[in-house]
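Hi,

Here is the structure I promised to pass on. Have a look at it first, and then read my notes below.

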Amino acid sequence: MIEDLLVILSMTTTSMTPILLASVGEILTERSGVVNIGIEGIFILSSFIATLATFYIGDPYIGLLLGVLIGFLSGLTHGVLAVYLRADQIIMGVGYNLLAYGLAVVGLVAVWSSHGASPTLPEKTGFISFYVGKQLIIIQPLAIVAVGLAILMWYVLEKTSLGLRIKACGEDPRSAEANGVNVYMIRILATSIGGALAGLGGAYLTVSWIGQFTRSISAGRGFIALANVAFSNWNPLTAILGALIFGFFDVLSLYIPIKLSLLYGVVLSSQNYLFLTIPYVATLIVVAFISKRIRMPRSLGQVYIKE
Amino acid sequence: MARGIFNQLFIKEIYNKISYLIRSLAESAIALLLAFLVDTLFLLSLGYDLHIIFRIFGTLFVTGYSDLNYLFIKSSPYIATGLAFSIPMLVGIFNIGGEGQLYIGALTALIISYVTKSSALSILAGSLAGAFLGLLIILGRVYRNINEVVSAIMLNWIMYYLVAYIITSYIYDPYAPYQSRPAPSEATIGSLQMFIYSVSIAILIYIVLYYTAIGYRIRVIGKSYKAALYAGFSPSREIIYSMIIGGGLAGFGGSLIPLGIRPYVIDNTMSVLYGIGFLGIGIGLLGRNNPIGIILASLFISGLVIGGENVERLTGVAPEIVDVIIGVVIISLAMPRVYRLLVRRGVFQ
């Protein structure tokens, strides 16, 4: 029992990482007044590019780096189009998700001639492992980095004047501009950095965690990160707690069927589908409970026209 | 005198309609050109040469539209999911849950067809199931402030696995346990019948939108929420109606698939259903949230999708190349300002 708990906890630190990275990035983006629902697409595209790079350059860390770059460029594009061309941010995000999915799947078929998944990576990024009693515990270094980034983001947003400027852009861009803040610049930078963090999360999915690219690699995690942003009430520290909860249910959906089949020796087939709904049902319930109390940035998703 | 003014107004109206039509067509054309440009660059970067790329585009356009019967089959559910996105969009609600509403509609219609052996009752049940899901999403939004994008995506995934569970546990085909038993032959419908159903519903929606009081209220709320409040409308009621209709339409589209498309089954990976709800978003946007526009957009996109299936057979490029095209189209259509800038610079006219 204790061992089960330890295993689930250690797996949770692994599964919460992409959600936390993307949530922290999206909190920054949304605090500046831009909403980017293209996280799902960034996850898919950057995990594909990271896998590709790891195969052809042979270094998973370069894969991570390229994933960050893809996320950054996607965020930059989203920011520029949203700010200068006043695009509808939600529609653009939906289009981007479709585009990214198409690019990654066509790439998958072109490079590996497979419709489902890439081959398994020869090498993944390193991890920290130690024994607690007889149980091997694995912690991904990026899990620690993600928590550190969340704390750093909280510090920047709440304790520095830069953070005040970013939040002003999301609350009342007109007043921010009157006080000498370059709203366009802040929004574009925040969206780019937010995209880069989501890109890191996407690359992590393949080169640190799962070890191969599949067409359903993201499986709604980008939208779970969006739900986590609302859960956290746009506070990076609360987002750590949210990512733990969502990551926990993610693990549970995989762990329960494995454990049941070990305990009772039966291989569950169709019932597995029911367990797979756990993360989504949990997200829905959590969101239903907290949505009444949240307060989003006042100018979120609205076009700001400089006079 | 009065007659003269009337004539002037009438001419002005016609002029406005035509210039709107031209602008819409120009915007769509530019969006498509951009999409093909992005596609070409992407395929070049994957190492395909221009010769193959031209062959891909040729296949998309020539083979996609040559088999009318297949075009009717393909476009019928797309008309429904396009409308399922557009009706809520008119009142400012973003229905990204068409996918899940489609799944549950298809499953419900299939189960009811086993029992009743009637296509009409099955389609009705499928539509009601979709409408129920739409109602859930919008009640969450109106009464509990739940973001409809997040709840709709979560419901899409829940429906995906729920339908897979029900198919493989309760209604599986003993000879192929990964898929359901086929719909009984008494309940199946032909391709032309399917297309006529979808088009009639689109025309019905058009009449409701443009010639009835509720349609008028929906359009006013979409244009100006404040004006609607001032006129004494109750927007939250219209918003709830619009999502019931939207969900019902997606459920209707889903119910057409197991009843109208061979081999009349659903499998555990939703292979006949997957993506139809999402593409509905592109179709709704391309059709300018207008039911007649949506019929045309569905025919156009279905041709591309059919072409995509042939592209794979002929050149080995994945059919998702069509998703790349439609993704770019959606992104371009999210930016009406670009076209206005171009018009002001005198690129058009």
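Let's start with the strands: in chain A, β1 (residues 128-132) and β2 (residues 135-139) pair in the antiparallel sense over 5 bridges. For this, strands are DSSP runs of E of at least two residues and helices are runs of H or I of at least four, numbered from the N terminus; two strands pair if DSSP finds at least two bridges between them. One of the partners to look for is Ile137(A) in β2(A), which is bridged to Phe130(A). The hairpin has 2 residues between the strands, and Gly133(A) takes a positive phi near 65 degrees there.

Before going on, a word on the source. This is a predicted model, where local features need pLDDT of at least 70 and side-chain atom pairs count only at pLDDT 80 or more, while totals for chains, interfaces and linings use all residues. Residues are numbered from 1 along each chain as its sequence is written, with chains lettered from A and ligands numbered from 1 in the order in which they are written.

Now chain A as a whole. It has 12 helices and 2 strands, running α-α-α-α-β-β-α-α-α-α-α-α-α-α from the N terminus. Its radius of gyration (taken over C-alpha atoms) is 20 Å, close to the 19 Å that the globule rule (2.2 Å times the number of residues to the power 0.38) gives for 307 residues, so chain A is as compact as a globular protein of that length. Along the principal axes, its C-alpha trace spans about 70 × 45 × 35 Å. Buried residues (20 or more other C-beta atoms within 10 Å of their own, with C-beta atoms placed from the backbone) make up 53% of the 307 residues.

Finally, which helix of chain B holds Leu102(B)? It is α4 (residues 98-116). Leu102(B) counts as buried because it has 38 C-beta neighbours inside 10 Å. Leaving aside neighbours within four places in sequence, its contacts (C-beta atoms, placed from the backbone, within 7 Å) include Thr81(B), Ala250(B) and Leu273(B).

Cheers

Technical notes:
A residue is buried if 20 or more other C-beta atoms lie within 10 Å of its own, exposed if 12 or fewer, and partly exposed in between; C-beta atoms are placed from the backbone. Two residues are in contact if their C-beta atoms, placed from the backbone, lie within 7 Å.
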